[in-house]
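This report considers side-chain contacts and surface features in one protein chain. Please examine the sequence and the structure before reading on.

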Amino acid sequence: MTNDFEVEFVERGDRSARFLVRGASPAVANGIRRAMVADVPTFSIDTVRFVENSSVMFDEMIGLRLGLVPLTTPVGDCEVGDAVTLALDVEGPATAYSGDIQSSDAMVRPADGNIPIIELKENQHLELEADAVLDTGKSHAKHQGGVAVGYRHLQRV
């Protein structure tokens, strides 16, 4: 078995990439996939402080939804354990989207602004502050940056 392998990028975008690795065994490919999921530091919402929640949803459920919102993470500018404060203030009738979240750091914001958090009816109000922490997928699944990381073994016939 040889340890030499080559990497060729097939597609490379802002939020995704596809590449072909030649000369690597499925075990090595799976090791790379696991490292991408577990070892790449990613910001995610860790704690939430509610100022007002007059919606029909419990605070804990909104906190869980916020924890699933992917946040942009500046490469090399932050260290594991760094925190950024986020805020959300929406009054009904309206739908609160991830794009409504305001950040104290322009480099850390929702990666997609169209993720619905909650639909508020007339006279309902949601106001909160949250802390996003930089950590790895080893500590918690919400910090797994490469959520859709996979590989396909193309056998040579």
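A residue is called buried when its relative accessible area is under 20%, exposed when that area is over 50%, and partly exposed in between. The model discussed here is predicted.

In one of them, the side chains of Glu8 and Arg22 meet, with an N to O distance of 2.8 Å. Because Glu8 belongs to strand β1 and Arg22 to strand β2, this pair ties together parts that are 14 residues apart in sequence.

Glu8 has a relative accessibility of 37%, so it counts as partly exposed. Arg22, with a relative accessible area of 39%, is likewise partly exposed. Glu6 joins Glu8 and Arg22 in a network of salt bridges.

## Other salt bridges

A further salt bridge connects Asp39 with Lys138, whose closest N and O atoms are 3.1 Å apart. This pair links distant parts of the chain: Asp39 is in helix α1, whereas Lys138 is in the segment after β8, 99 residues apart. How accessible is Lys138, buried or exposed? Its relative accessible area is 64%, and therefore Lys138 is exposed. Asp39, at 38% relative accessibility, counts as partly exposed.

Glu119 and Lys121 also form a salt bridge, and here the closest N and O atoms are 2.9 Å apart. Glu119 is partly exposed, with a relative accessible area of 48%. Lys121 is partly exposed as well, with a value of 46%.

## The aromatic pair

The structure holds 1 aromatic pair. The ring centres of Phe9 and Phe19 lie 5.6 Å apart and the ring planes meet at 55 degrees, so the pair is tilted; planes count as stacked under 30 degrees and as edge-to-face over 60. Since Phe9 is in strand β1 and Phe19 is in strand β2, the pair ties together parts that are 10 residues apart in sequence.

Phe9 is partly exposed, at 41% relative accessibility, and Phe19 is partly exposed, at 37%. The charged end of Arg12 sits over the ring of Phe9, 4.2 Å from the ring centre.

## A nonpolar patch on the surface

Which residues form the nonpolar patch on the surface? They are Phe5, Val7, Phe9, Phe19, Val28, Ile32, Met36 and Val40, which together have about 620 Å² of accessible area.

Phe5 is found in the segment before β1. With a relative accessibility of 41%, Phe5 counts as partly exposed.

Key. Residues are numbered from 1 along each chain as its sequence is written. This is a predicted model: local features need pLDDT of at least 70, side-chain atom pairs count only at pLDDT 80 or more; totals for chains, interfaces and linings use all residues. Side-chain values use heavy atoms; hydrogens and water are left out. Rings of Phe, Tyr and Trp (its six-membered ring) pair if their centres lie within 6.5 Å; planes under 30 degrees apart count as stacked, over 60 as edge-to-face and the rest as tilted. Helices (H or I, at least four residues) and strands (E, at least two) are DSSP runs, numbered from the N terminus. Buried means under 20% relative accessible area, exposed over 50%, partly exposed in between (1.4 Å probe, protein chains only). A charge sits over a ring if NZ of Lys or CZ of Arg is within 6 Å of the ring centre and within 35 degrees of the ring normal. Patches are made of residues with over 30% relative accessible area and no salt bridge: like charges are joined within 9 Å, nonpolar side chains (Val, Leu, Ile, Met, Phe, Trp, Tyr) within 5 Å. Accessible areas come from the Shrake-Rupley method with a 1.4 Å probe; for residues, only the protein chains shown count as cover. A salt bridge is a side-chain nitrogen of Lys or Arg within 4 Å of a carboxyl oxygen of Asp or Glu.
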